[in-house]
Amino acid sequence: MMKRPTLFLSSTVYDFGDLRSALKDYLELRGCRVLASEFTDFTRPLDEHSYQACLNTIEQADLFVLFIGRRVGGWYDQQMQISITRAEFRHAYKLAQQRRIRILCFVRSDVWEHRQSVRDLERALRDDPELSDQQRERYAKYPTMAMDNANAIISFIDEVTKNNETAKAVKGQGVAPIANWIWPFSTFSQVRDAIDPLVLNGLPVADAAGRKALEEQLYVLLQKAVPQASKSLVNPVSSVLKLRNALNLNSSDLTRKMQVPADRWNTLVFLLTLSSKAQPDVSAVTSHLGSGLLLAYDPKSGTFEQTPEYDLLVRVVDQGNLLQKTSATDMRELFEHGRQATTEGDRVVPCHLLVMWLHGLMRWVEFIACAKALARSLSGKPLVQPTVIPTTPIIDQEESLAAEFVSIEEIRKFVSE
């Protein structure tokens, strides 16, 4: 069973209720488990105080998500001005130091900006000789729409950012703190963009599962296409391309026969024998072309665009279908010519047969190269485009075929005009 990423939402519920609810829905649609105290799926042991239950529940989470707003919320220790939200952060920080959890902290942008305004006001009030220290404190920290308790909230933000600890560490007077990033935010998308890379790479669980399924299907196809020699898998791409270049077939050769040296003939027979065992059925992966699995949303155009991975899947399906046809080629002619060797061991073979056999080999290695590149990308590694396989075994036709080839981009332009 897949372990779902678990997140604990820490904030005052009253002024973050809408955000907490939206974030819980958003993350659960992506297969996450979200622990938020106001919902019925939150653990509520009857033999513990609700505050202690919150602290204990944090230990179930992979990611602690903190939101700081204008309200302090309930007190965990009123005398020390420690709110339950701040106590939750301190407990999570201890777990983070043990590498048992990660911490992600947000503060509303207006609260973040008001914090600086309070400090500016404090400096201005200090310069007023007619004010007492009590008056300066009261005026600077007076409750506003931005903060209901500026002293406690600013102290909390300072604890999260840990600027004092950082300054000491720079001077060699302590260890640099961890998890001291804090994201000011004003929109839900800013929160989402910060959380997404930490949870399934931003993929909904259905997409993540679909990509994993496609990856496994590609492994099965490669299992039926990649040859094995001396108990090791062999990548035949370079061997096929070297053979094509060595035979150097041209258009003028099609109506005549060619004397194939023994070593090249042996390589040809070996490769054709290996490729004849390749029988990939691409019907299982073809269905993914009709899904949005490998498409990317373009917010500028409001449309879904093909990704390089989608283009690779198209090639896998196309080459797989061609490979099935070429694999069905009757090899009796190959073996017939194999028995008719010259005294030096060379074979005299009609060039049209060499073209046919080489074409099958090229479709075989292109299928392997594309399927391997796509499976590698789906496994989380950087996408590396496969080796370019020529479209024809005939050397002097490659340039003319390339000139006549109409790309998909040209077709799209033609359709849009």
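How many of the twelve residues of α6 are buried? Nine of them are, so α6 is largely enclosed by the rest of the structure; buried here means under 20% relative accessible area, with exposed over 50% and partly exposed in between (1.4 Å probe, protein chains only). The structure is a predicted model, in which local features need pLDDT of at least 70 and side-chain atom pairs count only at pLDDT 80 or more, while totals for chains, interfaces and linings use all residues. Residues are numbered from 1 along each chain as its sequence is written, and side-chain values use heavy atoms, leaving out hydrogens and water.

Helix α6 covers residues 150-161 and reaches 16 Å from its first C-alpha to its last, close to the expected 16 Å, a span taken as 1.5 Å times one less than the number of residues. Helices (H or I, at least four residues) and strands (E, at least two) are DSSP runs, numbered from the N terminus. Among the buried residues of α6 are I153, F156 and E159. K162 follows the helix, with a positive phi near 55 degrees.

Not counting residues up to four places away in sequence, L361 touches V240, L243, L268, L271, L272 and S275, where contact means heavy atoms within 4.5 Å.
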